[in-house]
Every structure is written in structure tokens, then in C-alpha cells.
Amino acid sequence: MMTSSEIRQKFLRFFEEKNHLVLPSSSLVPQGDPSMLLTTAGMVQIKPYFLGEAVPPSPRLASVQKCLRTVDIDSVGDERHLTFFEMLGNFSVGDYFKDGAIAFAWEFLTKWVGLAPERIYPSIYPDDEEAFQAWQTIAGVPPERIARLEDNWWKAGPIGPNGPDSEIYYDRGESFGCGKESCGPGCDCPRFLETWNLVFMQYYTDPTGAITPLPRKNIDTGMGLDRLTMLLQDKRTVYETDLFLPIIERVATLAGVTYGANERSDYSLRVIADHSRAVTFLIADGVLPSNEGRGYILRRILRRAVRHGRQLGIQHPFLTEAVRVVIDLMGKAYPELVQRRDFITRVVDMEESRFGQTLTVGLGVLDQMIAKAREAGRADLAGEDVFRLYDTFGFPVELTVELAKEAGLGVDLAGFEESMARQREKARAASKFGAGARQSSEAYAQLPLEVTFLGYERLDATTQIVGMIVGGQLVGKMDLGDEGEIVLSETPFYAESGGQVGDTGKIANERGVAAVLDTQRPVPNLIVHRVRITEGSLLSGDIVEASVDTARRSDIARHHSATHLLHKALRETLGTHVQQAGSLVAPDRLRFDFTHFRPVSPEELAAIEARVNQEIQCNLPRETTITTYQEALAAGAMALFGEKYGERVRMVCLGDYSCELCGGTHVDRTGDIGFFFAASEESVGAGVRRIEAVVGQAADRLVRQRLAVLDRLSKRLGGDVEPRVQALLEELQEERRTVARLQHQLAAGQVERLLGQAVTVDGVNVISASVQAPNQEALREMGDIVRERAGRGVVVLGSIFNGKPGLVAMVTPGVKVNANELVRKVAGTIGGSGGGRPDLAQAGGRYPEKLEQALEEVVPFVRARLAG
């Protein structure tokens with residue numbers, strides 16, 4: 001039986017023998033395409049070649065591409081759907097077309113991996129007579145086995161390359177079929193399995209919806225490794241192949257269940273097997289859990305896996321065990337998994353532990369919501385309740401939907417969205433993702449494909465204007481006051497890239513002057529200068545002098561070289577798990593985000609700062625080498641995760657201390673940096689820390705400012721700052737303790753009065769009153785004292801602090817009143833909202849004058865609940 005690893009290798013070897021250049025899989029995080037959140041197909045890294053935006057390293061290409069799709073995430077767990085998968089693909093950029101693609105596919109499937117030719121059923125677009133003839137003449141497929149299907153037209157989205165396709169189906173036999181006479185390719189049953197899709201890329205759809213022929217006809221094919229492995233290993237589902245079964249077996253052992261014995265547990269095992277693969281590869285490619293974008297996708301997938309672990313009876317963190325199996329299975333094909341093993345497992349463990357707490361509390365609240373809805377005879381969970389579960393407990397709304405569905409209930413998502421809109425003043429504009437990058441796309445397409453960058457060697461140049469863009473349109477002239485973009489035939493201006501900001505300066509001749517406000521690279525190899533005409537006018541075709549702001553460029557270079565030294569010092573001090581997770585290199589500061597799981601201590605930060613300054617003082621020379629990617633790695637250069645590198649790379653080394661692949665600008669020697677000062681260190685997300693630092697004159701200014709503040713404090717305090725501040729803090733702490741004692745005494749003094757005001761309702765002591773309390777914490781403390789002495793009771797206390805009313809509601813065990821519901825009802829009167837647990841809840845409001853009126857509502861509410 002052929003293993004999945006052998007199939008993967010055989011595919012690449014086949015196309016190597018057919019003169020294809022094998023490309024490594026690109027990251028799951030697409031590079032240079034802001035319109036995509038994740039890599040969803042093998043053609044994503046090929047797209048610039050299809051569009052003519054870049055020159056391919058070979059007209060024939062092949063790859064095994066990591067892909068992730070979440071459109072069917074709620075269906076994952078059945079026997080067909082996946083999130084993460086590997087796509088086997090071969091591509092032709094203006095080389096072979098339909099005949100070649102069909103010939104290669106037929107040879108590989110029938111000769112190299114041995115699928116039965118008589119069980120292969122191609123499908124084509126109804127009007128594609130070329131493909132219809134090719135399948136007959138090249139592969140010998142009879143016409144009756146070639147299906148014409150309307151949906152055989154492929155496109156990546158509303159904008160981009162597209163064309164007819166030919167899907168190759170494999171007949172798995174009657175036992176997989178639906179029994180219908182019409183059963184065939186395209187049927188919903190699993191008999192005819194779509195195995196390989198050959199896309200004949202001929203057209204491009206622009207933002208207006210217009211379809212035009214591509215400059216060259218291209219081929220884009222995609223075949224899921226999981227499906228081919230299932231066929232070749234003769235398994236009923238992909239989950240029984242060697243891609244998934246070891247993961248399932250490990251989790252089944254942890255859960256004490258057997259795969260195949262129970263469909264409910266089988267479903268959860270399949271979810272965990274799929275999701276653990278997705279989680280592993282997303283984190284390896286630099287995605288970390290968050291509440292937006294890719295991070296939210298990762299968080300949602302991980303949490304769904306954890307929830308299914310709980311359904312299997314696994315109450316402790318387990319997902320790292322599944323992740324370790326994934327790394328063992330896939331590490332040879334994807335070495336980054338092995339290299340980042342510790343980092344991946346730590347992120348998973350941290351997120352799973354954090355979510356475990358949320359899940360425990362949230363499931364209890366959700367169970368109450370479901371029971372309440374059933375008692376009331378409702379078919380849906382109220383949107384406001386679902387939002388409160390999300391907002392107060394951090395419980396994911398999609399998980400609420402899934403669990404409600406299992407309980408036979410729907411969810412009022414419209415009501416949820418209304419509550420979300422009221423709560424948030426600013427909604428995320430996901431629909432605008434990447435819109436700016438496409439604004440001038442049509443104009444860019446009419447400009448030269450490549451602009452020569454001169455800025456490594458010189459900061460001024462005589463060059464020619466080859467394009468001008470104003471308002472997204474090509475123009476021939478720009479006049480005084482106009483703002484737009486200028487493209488030069490060659491330029492010394494560095495375009496923003498790799499965290500380094502773009503250069504500024506001026507473009508001028510005897511006729512006019514343009515201030516360069518920024519420099520960008522909107523598409524590969526095209527450098528665009530954002531400008532404002534400050535004198536006269538400039539014409540397209542003008543010969544001009546382009547001059548970079550040299551002082552600003554030098555400051556940027558200092559900060560960029562310092563970033564490299566910082567990266568190395570962090571790995572030396574904190575450990576090799578540290579990886580760059582983002583950066584900003586500006587003339588006045590640097591910002592460096594890196595993977596680490598706890599705050600950097602003051603002692604560690606001081607050691608890092610000292611190490612960087614030590615290498616600055618060594619005045620190490622900077623050496624730049626253009627070499628191959630593999631040779632650079634062999635020389636010890638660091639490559640950044642998520643970055644896309646070509647065959648030739650630029651390696652920047654600072655002495656023998658730091659060596660990275662980098663396209664940025666740097667100092668000639670580290671001594672030119674001057675002085676490095678770490679200004680701050682903070683968290684920016686789960687497992688990601690940030691250091692902001694300054695060097696050179698910026699560092700000098702910041703240090704002088706801080707010393708001046710220290711000097712002023714010393715004079716005001718009348719001596720050494722540290723002991724005087726320590727003494728003041730101790731005095732303040734003692735005063736706070738005194739205040740707390742007095743508040744407690746005040747609270748105790750009010751308790752007897754409150755107990756005397758109790759109203760008995762069906763044997764329950766109801767205490768509802770306004771009290772004097774300086775803050776919410778003191779109010780809650782007073783409530784605790786009253787509750788302890790109230791016996792079987794309900795306590796609602798209100799107070800006014802900082803001009804705003806506050807409430808706390810408490811219910812003793814055994815009393816059938818929900819404190820959460822009670823406080824929400826009462827809070828409405830004071831113009832506020834609140835929430836909490838069934839036994840303890842609190843609220844705030846806007847109308848202090850209505851506090852007494854609100855408290856008067858407590859007894860009727862309790863009476864109604866107890867009567868019900």
C-alpha cells in the first residue's frame with residue numbers, strides 16, 4: 001500500500017521529469033495579496049505569474065501547497081469536509097494548455113499511481129469542445145463517460161483569473177452510490193469522487209465585472225492529497241488513511257473510546273483530527289489566536305476541537321497530544337513544524353487552558369438559557385441572551401449556535417447583531433479588506449513591470465518619469481498642488497517593505513518639484529512614489545533628479561540594523577523559540593514583535609539592551625551577499641516565517657554576530673548606530689511581546705528627557721528619588737488600609753438597619769435598600785455581610801459613586817430567584833445594564849435620581865418569581 005508520503009513525493013517527481021520546477025509550499029498567510037486572509041489553493045502563489053505582474057522562474061511549475069478553507073467548518077466531522085488539506089498542483093504559465101494538462105493527468109493517474117482507467121470519468125464545461133475532443137484523442141475516454149456540467153467554470157473570487165475547467169471523477173463502485181439511474185459525475189452521493197480539477201485559465205474579471213482574455217493562456221490544476229490517498233489506500237473515508245488515523249487513535253486512547261464503535265464519538269474524533277492539523281500549520285506559519293482576522297479563525301478552530309474533546313469526556317488539556325502526532329506525521333515534508341514544535345505546543349496549551357475556563361462557566365450558563373427557552377416554549381435563544389453570554393463570559397457565538405442546534409433550538413442572530421451594534425461604536429470593516437491596494441490596479445497594469453532600485457548604492461539619480469497616476473487614473477501632467485503617484489524608470493527611493501517605512505525626498509527638474517511623501521510597492525517589482533507638486537508642474541516622460549532625504553534614510557538604517565541586533569540578543573537571552581512576529585522600522589523608533597510566553601523581566605530587558613550595545617561598540621562591519629535561498633540558510637542566515645523568498649536572496653550580516661535574509665537598508669558598521677535604548681516592553685497578544693526602542697539621536701533625546709524628569713522629581717522630593725518614592729508608597733498603602741477599615745466599620749454599622757428593613761416573601765427575606773459606599777467593591781462587600789446574616793434571602797443594594805448609580809444583587813442557595821435576571825430588570829430603571837451569575841450580579845446606570853424607584857421594583861419581582 002502506497003503511503004501518503006510516497007504519493008506526495010511521486011507527484012513531484014513525475015512533474016520534475018516533465019520539466020516542471022518544483023516550488024516549496026508557500027505560507028498559509030498569503031504574501032502580497034491583501035484580498036485574501038488565508039491560502040486556499042495552490043494557485044495563490046502562482047497568481048502574480050498568471051496576471052503578468054511577475055516573471056515566473058519557469059513556465060512549468062508544480063507544488064504541494066498547504067491550504068486552509070473554513071467555509072464548511074460547521075460540516076467538518078462528517079466523512080467529507082476538511083479545513084486543512086494539501087493540494088497537489090501543476091501549472092503552466094503560457095506554456096502547454098488543455099492537451100498537455102489532460103495528458104499529464106491521465107499518465108500520472110493511470111501509469112504512475114495505477115488507478116483503473118475505466119473508472120475515470122472526466123467532466124467539462126458544456127461549451128468546451130476542445131476539452132471534449134482532447135479527452136477522447138489523448139486519453140481514449142469514450143464520449144459517454146465525459147460529463148458536461150454547468151458548474152465547470154473556476155474562479156478564485158469575483159475579481160481575478162478564471163476559466164473553464166475539467167474535473168476528473170473516479171467511480172468508487174455501486175456500494176458507494178445512491179442507486180438512482182441518473183447517478184454520475186456531479187451527483188451528491190460519494191460514489192463518483194472528484195479527484196483532480198484541471199482549470200484552463202483563459203480570462204480575467206476586473207473590479208467592474210468585465211471579462212477579458214489573459215495575455216497568455218495558463219493551466220492551474222489542483223488535487224487533494226487526502227482524496228488521492230483514500231483511493232490508493234482503498235479506504236472508505238479520508239479519516240481512515242495514514243494522514244488522519246494516527247491522530248484519531250491517539251485522541252481515542254486519551255478519551256478511552258474506540259473509533260468506529262459509536263458515531264457520536266467518531267464525529268468528535270474526526271473534528272479533532274482535522275482541527276489539530278489546521279491549528280498546527282496555522283501556528284507554524286505565524287498565526288496566533290486573537291479576536292480578528294486569521295487569529296480569530298485559528299481561535300475558532302482550536303476552541304471547536306477543545307469542545308469536542310469535552311464531549312468525548314476529556315476534561316483536561318489534551319490538544320497538544322494531537323498536535324505532537326501531527327508534527328511527527330508531517331514534519332519530514334514540512335520541516336518548519338519540527339523547528340517550531342515547542343512554540344506550537346506552548347501556544348496550543350496556553351489557548352486551550354484559557355478556553356477551558358471559559359467553556360466550564362459558559363456551558364453552565366448556556367444550559368440555563370436552553371432550559372429557560374424550553375420552559376417558555378420558545379424555538380430560539382434570545383439574541384440579547386446570546387450576546388450577554390458572548391460579551392460577559394467570552395463564549396463564542398458560533399459555539400452557542402452549534403450547541404443550540406444540538407438541543408433542537410435556533411438562535412436569534414439578528415437580535416445578537418443588534419446587541420453587538422449597540423455595544424460597539426466601531427464595527428470591523430472586513431469588507432474593505434485590501435480595497436486600498438486595488439484602487440489603482442488598472443493603472444498599475446499599464447505601467448512597466450519592473451522598476452530598477454538604485455538605493456542600496458546611491459541616494460540620488462537622474463531618471464525618467466514613466467507614469468503618473470491621479471485619482472486611480474493615468475495622467476500626462478501634474479500641476480501645482482496635485483497629489484498622486486509617480487513611477488520612475490529607476491529610483492533610489494526604498495519602497496516600504498519588511499517593516500521598513502518608505503523613503504521620502506523630492507523629484508525635480510527645471511520645470512517643477514514634487515515632494516515625495518511616501519514610497520510603496522503595490523505590486524511586485526513596481527515602485528510607486530506618493531507625491532505632492534510643490535512647485536510648477538511635471539510631465540510624464542520628463543527627465544528628473546530623484547533625491548532621497550539622506551538624514552531620514554540614515555536614521556532608518558540605524559534603527560533597521562539595531563532591529564537585527566535586537567532579534568539575535570532576544571534569542572540569546574530568552575531562547576531560540578523567539579521568532580519575529582512583526583516589526584516597524586522608522587526614522588524615530590523601532591518596534592519589534594516577537595514570540596514569547598511571559599513578560600520580559602527588567603533584568604532580562606537590561607541584559608538584552610546591554611548585549612545590543614556591546615555589539616554596537618564592537619563596530620562590526622555590515623556585509624551584504626546575493627546568494628541562493630538554500631546557500632543562505634546553509635550559511636546560518638535567519639529566514640522569517642511567513643515571508644516569501646525567491647531563488648536569489650539578499651543576506652545581511654553584521655560581523656559574525658547576526659545574519660538575516662533582508663531587503664532593507666542598513667548602516668555600514670554597527671558603530672554608526674550610536675546607542676540603543678529599550679523604551680518599553682509589553683504584550684500585544686497571546687504569546688506575542690513587543691519591544692519599542694530608539695537609537696542614535698532619538699535615543700539621546702529620550703534618555704535626556706527621562707533624566708530631566710528624574711532630576712525634577714528629585715528636587716521636589718528633596719533627596720534620592722527611589723527611597724523617597726518607596727516611603728510615600730508605604731504611607732499611601734497604610735492610608736488605604738485605614739480607609740478600608742473605616743469602610744468596613746461603616747458597612748457593619750448599616751447592616752443592622754438593613755436587616756430590620758427586610759420584607760418576608762414566601763419565607764424568603766428580601767432586603768432592598770440604598771446605602772453609602774465609595775465604590776462597587778465596597779458595595780459588594782457590604783452585600784456579602786448582609787447575605788451572610790439574612791438567612792434564606794435576596795439582597796439588592798444600591799449606591800451612588802462618582803455621580804453614577806450602582807447595584808449589586810445576591811441570592812442565597814435554594815432560593816428560586818436569578819440574580820442575573822433581577823439586576824437586569826432593576827438596572828433598566830436607572831438607564832443601565834448589568835449581568836453576572838445566578839447567585840451574584842451587578843449593574844451600573846446613568847440616572848442616580850431613579851435609584852430609589854429601581855430598588856422599589858425588587859420585592860414585586862421576587863414575589864412574581866416565587867409565585868411562578
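# A walk through helices and sheets

Let's start with a pair of helices: H8 passes H11 in a right-handed crossing (a crossing is right-handed if the near helix is turned clockwise from the far one by less than a right angle, and left-handed if anticlockwise). Before going on, please note that this is a predicted model, in which local features need pLDDT of at least 70 and side-chain atom pairs count only at pLDDT 80 or more, while totals for chains, interfaces and linings use all residues. Residues are numbered from 1 along each chain as its sequence is written, and side-chain values use heavy atoms, with hydrogens and water left out. Helices (H or I, at least four residues) and strands (E, at least two) are DSSP runs, numbered from the N terminus.

Helix H8 covers residues 293–311 and helix H11 residues 341–375; they pack at an angle of about 60°, with their axes 10 Å apart. That makes H8 oblique to H11. Axes here are lines fitted to C-alpha atoms, for helices over the stretch in contact, and angles run from 0 to 180 degrees between N-to-C directions. Angles under 35 degrees count as roughly parallel, over 145 as roughly antiparallel, 65 to 115 as roughly perpendicular and the rest as oblique. Among the H8 residues that meet H11 are Arg299, Arg303, Arg307 and Arg310, and the H11 residues they meet include Glu351, Glu352 and Phe355 (contact means heavy atoms within 4.5 Å). By class, the contact of H8 with H11 has five nonpolar, two polar and seven charged residues. For these classes, Ala, Val, Leu, Ile, Met, Phe, Trp, Tyr, Cys and Pro count as nonpolar, Asp, Glu, Lys and Arg as charged, and the others, Gly among them, as polar.

H8 also packs with helix H7 (residues 263–284), at an angle of about 150° and with axes 8 Å apart. That makes H7 roughly antiparallel to H8, and H7 passes H8 in a left-handed crossing. The contact is made by residues including Val271, Ile272 and Leu282 of H7 and Leu298, Ile301 and Ala305 of H8. By class, the contact of H7 with H8 has 11 nonpolar, five polar and two charged residues.

Now for the strands. Eight of the nine residues of strand E2 (residues 60–68) are buried, so E2 is largely enclosed by the rest of the structure (buried means under 20% relative accessible area, exposed over 50%, partly exposed in between, with a 1.4 Å probe and protein chains only). Strand E1 (residues 21–23) runs parallel to E2, joined by three bridges, and Leu23 stands opposite Ser63 in E2. Strand E3 (residues 84–93) runs antiparallel to E2 and is joined to it by nine bridges; here Ala62 stands opposite Asn90. Two strands pair if DSSP finds at least two bridges between them.

Further along, four strands form an open antiparallel sheet in the order E22-E23-E28-E27. Strand E22 (580–585) and strand E27 (676–685) stand at the edges, each with a single partner strand, so one side of each is left without a neighbour in the sheet. E27 and strand E28 (residues 688–695) pair over eight bridges, with Val688 in E28 as the bridge partner of Gly685. Helix H18 (residues 602–617) lies across E27 and E28, running at about 135° to E27.
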